[in-house]
Structures are given as structure tokens and as C-alpha cells.
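Here is a short report on one protein chain.

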Amino acid sequence: MMTKVRISGPMLVGMTAAALLAVWFLLAPLDSLVDKGPFDWHIQQLEFRQGGLEVLLLWALLFGALSLPDRRHGLLLGLGAAWLYGRRHGVDLSVALVVLYVEAIFALGRTALERIVGPQSLRPTSLLVAGMFGLVVWSLVIWTCSALGLGSVGAIRLIAIAVLGGVLLFYRGPRLVTLVWRFMPTRRLIDRWIVAGLATFFMALFAKSSVWVDFDSAWYGLQSEKVLVGDGSLFASQEMVWLVHYYPKVYEALALPFAGLGSVSLIFGLGIVSWSLIAFTLVAILREYGVSPTLRLIGTALVCSMPALANIAMTAKGDAFAAWLLMMGVLGLVKYRRGNGSQWFWIGLAAIGLGTQSRLSSVPYAALLLMLYGYALVARWRTDGGLAGLKGKGFWIFAIAAILIAASLGRTFHNSGVLLVAPNVAVELQLALGLRADAPAGLLLAMKDDIQRLPLVDGMWGILFDPARFLHLIITWIGNVWIFLPLAFLLLGGATSRRRTADIASWPLLFVGAGFFATMFGLRMLAGGDGNYFIVPITCLTLWGVVLVNKLHDQPRRFLEVALLPFFVCGLGISFITGAWGYGTRPFDAVMTRLPFEYAARGKREIAEAHLQGVAKFFSGMSPGTHVVGLEVFGVSDRLPSGWFLPVQYEVLESFDWQNPSLIASPDAFGRYLLTAGVEYVIVPKRPMRNEVELRVGRDIAANKERGTLELAYQDDHYVVWQVVGGSRPGDGRAPAMRSPLAGKGLAVVSVDEELVCYGSRNQVAKVTWKGAPGPVAIEVMAPGGDVAQLWVAGGNSGTAETGPWVMKGVEFIFRDGVQGKEIGRVSVMPPCP
């Protein structure tokens, strides 16, 4: 017998108002993006229409699989549908390899925790901690091997096969995949629909990554084998100009086993897994707040469908990974505030610290979380009567993570002279404390005076309802459901009538969420900044709204659960057409033989279209860390510099005018940069110079050619390649000899402050860099006019070392093939003094 549902007049009015508000919140941004914005063309393409239809079909199949009474049959149907989808897009192997990689890291973490902390439970939160700790342990293996001279991509890949393969082979505990399947909520129809949607979009992100590549990923994340460990070590300075190469590299280091294979989907897969980890973590946080199971899933789906998060997950950047770590910090805070053991205090601190070393944009929110941890610590101290509760084995989790954090900070300091290379405020503070930013790394571009802070009212309106106004935010939109949730809560009577829920304050979520307003409207950013800067505070604001909705009585709460589902679908749809400016995946075809090496194939096309085949052949066989600069704006595609697809480390000279214009300000400055930064070749196209920057760089190249700094190494009908060999000033017959080739196509460079050596104190500090040596190197030092050299330092085939204040003009650095080995190169400190 059906029970009549009575809805009071005020409640009916509230529901109607909430429904109309939801329609406005959904339609206004869609109108901005599709009608006013550039995506009206996108939705007309077959890649969107047929690719989107394919996604909906997979969603239906996975929903059906979860709905089958026999879970084994459902598992077979779901896996079969996912495999067919992945096979058509050529990403099935990528998905399998990434899942195996994560499975091995989880097993490593769980095994290590059982040795250090003790037996581990199978609660979802314990699984998250095991995964995080496994990432720490595996990262320490990578960084340690790199410090020992085993940091090349090939070496890291072999170590991964040996270590992680052995873990998978001998681990006898529960498998992560089976645990995820066991804990998957499928009781209610709406639960199954959401889980199927998230699983479908997981596969769709992989499929889309096989088609579209964003600029930043191509810039550094997809070139790790060249720009991160091109010289065989994470710690070796690549002497590159752009600041991105000096950012913390904890996340990029985790992707090194997949680097250099020519696969986008393998590299992007770690970001997609980070997106999944955020989902699991959000469910755990909302469980701590006593949110109902279905509303937990809805809240998680709202965050995971936010284009800023979903789109950044499909990149080689560490934003999603850093966001997950900070949300682990939130989980640790909630658990610690609820009176759980001290291990969550240490877990949370470890996660926050790791987050800052995965993406610098997380630093402001990490600071807010640390303030909350301090407050929670004082509150527990007053309750417990002391800090004895912090004692325990959980401290070792933080201590081991701190080693990785220190290694990352040490790399940044070693290569740039400062601990944090951004934001400029942090750099200026470090400079004031006596640290020195080393060239050629430049500071972040200072905001021009005519760039104003975003006005609060007009800016909020644009962010919420007219995102097409913002050039960067348009492809990483932060959504608007986080504002809709508290408004709907008020419309449905939440301010006056609510049910009892978990007795835990949600204001810390609001506190971290307030960081969005401080950064978006307190800083001056171009076009409102990138949406991925704000993932953490927007996630916290969304969770806070979900916790509010959970306080509503059953009738309005269930109404709102249904009303929120279109936000989930809308977010996925916007992400599908905006991510990397790519419109969907692929139109229908019968090709089932694609392989996950799409980037290698694209590289061949780009090289051919840019007529760089001869140049690529010239560089073939050289070390991937061979430092090359060249003139070209954005190559043939007008999106990515074609030089990035060469088999060597490549930087675009025109971009120096944005990051560090002093390097190309004059022929002298450019020549000094070439000699001290380890640049080995300069590529110049045989075409007229097109703009002022190119004319200036062309002038610098011509002047240094005349001085003998550059000599012809290769040319064809389209390009000239100059080799940096040294040189002299006009009228000065002395070669500066601040660099020397090493046997085996290697290079040694000694950098000093010319003015101080020429005119200042006799004793100076020098930076010595070597790369591409045939084996371990021993460096001897010989005083000016001396005949006996003394051993100074020994290291791997690539590395960087800094002397004490004892270098003077005429000192010689002699490079040998191991201690007492034969000489393979020699550098004399003879700067070109007038």
C-alpha cells in the first residue's frame, strides 16, 4: 500500500525556488561556453557527438553490469565493456600498466606499514594511507637511485620492473582492485548510476588523452627523459631557463618509469588515478561527517565532475595529485579532531608537506591547513592534558615522508639557489634572508601595473555564470554547485529546521574554502588565473555544502539529491568538450589495432611537417640531455614548438623574452649565457626574422658567430645548427675556455662571476657542471701555474658541484675517467676580462 507524501506549502515553495535556481545555475554557464564562447563549433564535431554517444553507451553497460544480481557476471560484463572501449582507443594496455603500477605501490606501502607501524586493517581509510605511504617509499627508491648515479630513464625503468615486479610477485596480502570492487556501493539504483558514471569517465579520460595534449604537458611533463633527468639524475641541474624546470618534481619523478616511451596515456594515467584517489578520499571525509551513503557519492561526483579537476587530471601536471594529498590532510585533520589516534596527526602533516612538493599552487592552502592543525593540537592538548598523545609509531610515517620532502627541497636549492622558486614573494623573502637565485633560472613574470585585481561582484558573477569571459578559466572551470548548495539549503528551510547529524564542526572546510576568495580576488592574475589553482578550496566548499545538505530532513534532502544529479552530468559534459581544448575523443571507426604510443607518432608528423628530419638525424644518438636552444615560435602546428619533438633537450629562444630577457639583451649577455649554461647547439631556421625578439636574437647569434663562440655544425635547406665552442672578445686572443667537451660526447662547464674574478677578490665560488661522460668522473684541481693536481670531487657521469671560496683566475679543473683514470677534459677559469 502506497503512502501519501504530504508537502507543506512553505516546503513546496522552497523546492520550486531551489529547482528554478538549479536550472539557472546549469543553463547560464552552458550558454556562456557554447553560445557566447568558442565551444559551439566543438559540439558540432563527430569527435564530440559520436565520441559522446560512445561514452553514454559505456555508461549504460556499466550501470547494467552493476545491476546484475550475480556480481561475478556483472564483473565480467563491466570488464568486457571497458576493455572493448579501451581497445578501440588504444589505451587498454595503458590502463592495465597504470593499474599494475598502482597495485604494486599499494602492496609496497602496505607491506612497509606492517613492518613499521603494525598490522593494517582493511578499512578504506587504511587503504588510502597504505597507498600514500607506498608512494613515499617508491619515490625514495627513485630519488635514492638518482643520487647514486642511477637516475636515467632506462635505469629507473629497470629498477621499477625489478622492485615493483618483485613486490607484485611475492606480496600475499589483499589486492587493491579486489578491495575496490568489494567496497563499491551498489545497493541503491542512484548509487549504481553514479559509480557507473565515474567509472565511465575514468575510461573516457584515458581515451581522450590518446587524442589531445595540452601545452604545459608537452612543455615538460611529456619530456621528462630530456628536461628532468636528461643528464641521468634528478639532482643534476639542466641549466634551463624557464622556471617550471625548477619546480618541485615529486609527481613527475613518479612518472619516470613511463617516460620516453612516446605514450601520452601512460603519463596522463597517473593524473587520472589521482582523480580516482580524490574520489575515494572524499567519500571517507564525508563518512566522518556522518553524511548518508548516497549523498556521499553525490558530493564526490560533484567534485570529480568539476572541469578544473577532471581536465587537469588529463595532463602530465601534478595538480590532481597535490589536491589528493591535501585532501588526505583534510581527512587526517577531521579524524584527529574527532579524537582518533595521533597517527592521523602525522599522516595529515606528511600529506600536506608532500602536497607542497607536488605543486607549488598548493602552498597557500597547505598553510591554511597547518594553521588548523595547530588549532587542533592546542585543543587536544587542553583536553588530554599534554602532548603525550602525539607519541606513537605514526610519527615514523611523517619522518620517512620528511626525507622525501627534504630531497625535493634539496634539489630545488641545489639547482636554483633557493628552496621555493615561486611565488615571487617567497623568492624575495629568501633573497632578503641571504639566499641567491642562480642564473639562468628567472623569476616568475611580475604582474604589470595595468593588470588589476579581479573585482569581487563582477568577478564572481563571471566565474559562476559567464566563464567564457576568462581566457584560462574557460578550460578549467571551477563550476558553481559549491555556491548552489548553501543557497538551496537555505531555500529548503535548513536555517530553521534540521535533523541531528554527526557532532563535528564543519567550519574547517569553510576556512580552507575561504582561501579561494583570498587568492582569486586578493592577487593580480591574468584572466582570473587557471581554475586548477583553486581545486582544493572549491572542493572544501563543495564538501561543506554537502554537509549542510545532510542536515536537512529526509524529504527536502532526497529532493535535493535528485536535483544535484544534473550538475554531475553537466560537469562531465563540459569537461568532455573543454579539456585541452579538445572536442571529445574519436568518431566511429572499426580500427581495433591502435597502440598507446600516440605521442611518438605525433612527433614524427611534427618533425616532418617542420622539415626537421635532417636536424633530428643530426642529433640522433646524442644524450637526451644535450642542451639545445633554437628560434621558432610555435612551429608548424601553431600550438607546440616543433623542436620539442627532437631527441634532445630544447628551449625556444623567443620565450626567454618572457621569462629572463636579460639573457638575450645583448650579444655579450647571450654569449655569456651560452658558455655558462651548458648550451651545446643553437638551431636557426633559414627564413626571414619575423619580429623584434627574433631580430634581437638573430643579432646576438651573428655577433657570437663572429667572435668564435659559435661554429657551423650542420645545415640543410631549412635550418642551420651552430655548435657552441667557446670564443673571444674582439681584439682579445685569449679563449675564455669556461667549458670543454668530454670524451664520449660529454660536456663540462665552470661558471663563475666574471666581474668578481676579473676585478674583485682573488677567491670566488665556482659552479662546476658535467654531463654525458663515459663513466664515473673524478675532478682534480690545479692552481694557476702549478704542475700538480689534487683530487677535488668524484661523482657519476653527470652532476653538479659547487666549490668553496677558493677559485681564482687561472685555476684548472681536470676531468678524469674515474680516480687516477685518463684525462677526458679540462676547463681553465679564464673569463673574457677586458
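## Overall build

In this predicted model, the protein chain holds 31 helices and 13 strands. Its radius of gyration is 28 Å, close to the 28 Å that the globule rule gives for 834 residues, so the chain is as compact as a globular protein of that length. Along the principal axes, the C-alpha atoms fill a box of roughly 105 × 65 × 55 Å.

Of the 834 residues, 59% count as buried. Take the contacts in the chain with a separation of 6 or more: residues 24 or more positions apart account for 75% of them.

Strands of a sheet pair through backbone hydrogen bonds, either parallel or antiparallel. Strand 8 (residues 767-771) pairs with strand 11 in the antiparallel sense, over 4 bridges. Threonine 769 has threonine 800, in strand 11, as its bridge partner.

## Nonpolar cores

The largest nonpolar core has 230 residues. The members that touch the most others are Trp138, Leu256, Trp275, Trp324, Ile478, Phe516 and Phe619. Helix 12 (residues 264-288) gives the most to this core, with 15 residues.

Phenylalanine 516 shows what such a position looks like in detail. Leaving out residues up to four places away in sequence, Phe516 touches Tyr365, Met460, Ile463, Ile478, Trp482, Phe521, Phe534, Pro537 and Ile538. A second, separate core has 22 residues, including Val241, Leu631, Tyr673 and Val679.

## A buried arginine

Arginine 87 is found in helix 3 (residues 71-89). Is its position buried or exposed? Arginine 87 has a relative accessible area of 12%. Buried means under 20%, so arginine 87 counts as buried.

What does arginine 87 contact beyond its neighbours within four places in sequence? The partners are Asp92, Met592, Thr593 and Arg594. With methionine 592 there is a polar approach: a polar atom of the arginine 87 side chain lies 2.5 Å from the backbone oxygen of methionine 592.

Notes:
Residues numbered from 1 in each chain as written. Predicted model: local features only at pLDDT ≥ 70, side-chain atom pairs only at ≥ 80, totals over all residues. Heavy atoms only, no water. Pairing = 2+ DSSP bridges. Helix = DSSP H or I, 4+ residues; strand = E, 2+ residues; numbered from the N terminus. Core = buried A, V, L, I, M, F, W, Y, C linked by side-chain atoms within 4.5 Å. Buried < 20%, exposed > 50% of the residue type's maximum accessible area, 1.4 Å probe, protein only. Contact = heavy atoms within 4.5 Å. Polar contact = N/O pair within 3.5 Å; in protein donor to acceptor, adjacent residues only side chain to side chain. Rg over C-alpha atoms; globule rule 2.2 N^0.38 Å.
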